[in-house]
Amino acid sequence: MAEMSGAGSDLPAPRDFARRVIDWQGEYGRHGLPWQQAVDAPRDPYRVWLSEIMLQQTQVATVIPYYHRFLARFPTLAALAAAPLGDVLEHWAGLGYYARARNLHRCAQTLVADYGGAFPREAARIAELPGIGRSTAAAIAAFGFGERAAILDGNVKRVFARCFGIEGFTGTPAVEKRLWALAEALLPATRVEAYTQGLMDLGATICTRGAPRCGDCPLGADCVARRDYRQDQLPTPRPKKTVPERQTTLLILDDGNSVLLERRPPSGIWGGLLAPPECAGEASADEVASAAESLARRHGCRLLAVEALPPLTHNFTHFRLHIAPQRCRVERNGTQAAEAGWEWVNWSDAGAGDSAGGRGRSTVATAALPAPVRLLLKAAAP
């Protein structure tokens, strides 16, 4: 395979490239994943879609238990569409990137309302649905309906960039356009499902970011990155930029049995999830005490004490958040939160209980909490 250098470049014969990927996948690729369908089984685009969304920025080993749990609660597209968003978020809790769950729910409702509860069969139409991009739509069409459609997820970009020596950060429009042209050119006329799965498997198991197993790759003999010893340089890394730093203070109202949490707005950070109330920015001890006293009164509590807990730093995609948690011990009068959108959540339901004995509950998450909040509550549990 010669290096791709733009228009008129010497591309490999598509049939040869695809054949090698397909043959390798049949012998060495991943088989038996819970969302993969047997050859003679009815196609289920719902399961394909769910797995593709979960696998975005998340590894297979992490996804599998969440996939089983989610599917047990929402076995069909109709069941997902009919469920409350809070229930969906609870079953997503721990996977992160919660916009995926919100879009999943919105897409299911759109399909039920506008498409008769079924996916359109064409990748172009699937890509018009909420939360589904071009590559995910192609995967759903290929695995769900056998359509001939090219994918280009992060793993496939890495395979192409290394194999053909494509320079430039793959997230830029110009480079991505070249990669899409390559993806379309290499797409075989038949056995698209095996080819698509093979590309995914190569990127996930052989052509990995670090320590790629080039000797086991069916494309290794002609790979530009391997030939030039540039596996660590291709794909071109994302340009570094300064990560903004933000500060927040979280007030953890604790009555000894439960913690007071509020439902976050549907959009933005931790949208739709439960989290302790916050004082944006750095708050002084006096400001924390005043805010805690006011919050306790609002919810019919008497503030007993405030203590600072160990801070936590959490990295988001576009900024770094420094969290200063404050345990606010209170004496509670009522059994319910005084305002809509607030809940007293048992410590064990917050994932902070003992795994056996003690509270008699497992540490499996039952409340829809962001991962850093769950870590904080686990550390703060009485």
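Modeller: Gladly! Let's begin where two helices meet: Tyr66, Arg69, Phe70 and Arg73 in H3 are in contact with Asp87, Val88, Glu90, His91 and Trp92 in H5. These contact residues divide into 4 nonpolar, 1 polar and 4 charged. Please keep in mind that this is a predicted model.

Biologist: Are H3 and H5 roughly parallel or roughly antiparallel to each other?

Modeller: The axes of H3 (residues 60-73) and H5 (residues 85-92) come within 9 Å and cross at roughly 155°. Angles over 145 degrees count as roughly antiparallel. The crossing of H3 and H5 is right-handed. The angle therefore makes H3 and H5 roughly antiparallel.

Biologist: Thanks, that helps! How many of the 11 residues of helix H9 are buried?

Modeller: H9 covers residues 154-164, and the rest of the structure largely encloses this helix. Among its buried residues are Val156, Phe160 and Cys163, along with the charged-group names Lys157, Arg158 and Arg162. The count of buried residues in H9 is 9.

Biologist: Which residues other than glycine have a positive phi?

Modeller: Most residues other than glycine have a negative phi, so exceptions are worth a look. One of them sits in the loop between H5 and helix H6 (99-114), and its phi is near 50°. Another is in the loop between helix H10 (173-186) and H11, with a phi of about 55°. They include tyrosine 97 and arginine 191.

Biologist: Is arginine 191 buried or exposed?

Modeller: Exposed means over 50% relative accessible area. Tyrosine 97 is partly exposed because its value is 41%. Arginine 191 has a relative accessible area of 53%, so this residue is exposed.

Biologist: And arginine 20: which residue's side chain makes a polar contact with the side chain of arginine 20?

Modeller: Arginine 20 is in helix H1 (residues 14-28). Its relative accessible area is 15%, so arginine 20 is buried. At 3.1 Å, its side chain makes a polar contact with the side chain of aspartate 222.

Biologist: Why does isoleucine 206 count as buried?

Modeller: Isoleucine 206 is found in helix H11 (residues 192-206). Beyond its neighbours within four places in sequence, isoleucine 206 touches residues including Trp24, Pro212 and Cys217. Buried means under 20% relative accessible area. Isoleucine 206 counts as buried because its relative accessibility is 3%.

Biologist: Which two residues does a cis peptide bond join?

Modeller: Most peptide bonds are trans. Here there is a cis one, with omega about -5°. Its proline is in the loop between helix H12 (224-227) and strand S1 (245-254). The bond joins leucine 234 and proline 235.

Biologist: Last one! How many helices and strands does the protein chain have?

Modeller: Let's step back to the whole chain. Its C-alpha trace spans about 75 × 45 × 40 Å along the principal axes. Of its 382 residues, 47% are buried. The secondary structure comes to 14 helices and 8 strands.

Note on methods. Residues are numbered from 1 along each chain as its sequence is written. This is a predicted model: local features need pLDDT of at least 70, side-chain atom pairs count only at pLDDT 80 or more; totals for chains, interfaces and linings use all residues. Side-chain values use heavy atoms; hydrogens and water are left out. Axes are lines fitted to C-alpha atoms, for helices over the stretch in contact, and angles run from 0 to 180 degrees between N-to-C directions. Helices (H or I, at least four residues) and strands (E, at least two) are DSSP runs, numbered from the N terminus. Angles under 35 degrees count as roughly parallel, over 145 as roughly antiparallel, 65 to 115 as roughly perpendicular and the rest as oblique. A crossing is left-handed if the near helix is turned anticlockwise from the far one by less than a right angle, and right-handed if clockwise. Contact means heavy atoms within 4.5 Å. Buried means under 20% relative accessible area, exposed over 50%, partly exposed in between (1.4 Å probe, protein chains only). A polar contact is a pair of N or O atoms within 3.5 Å; within protein, one must be able to donate a hydrogen and the other to accept it, and residues adjacent in sequence count only if both atoms are side-chain atoms.
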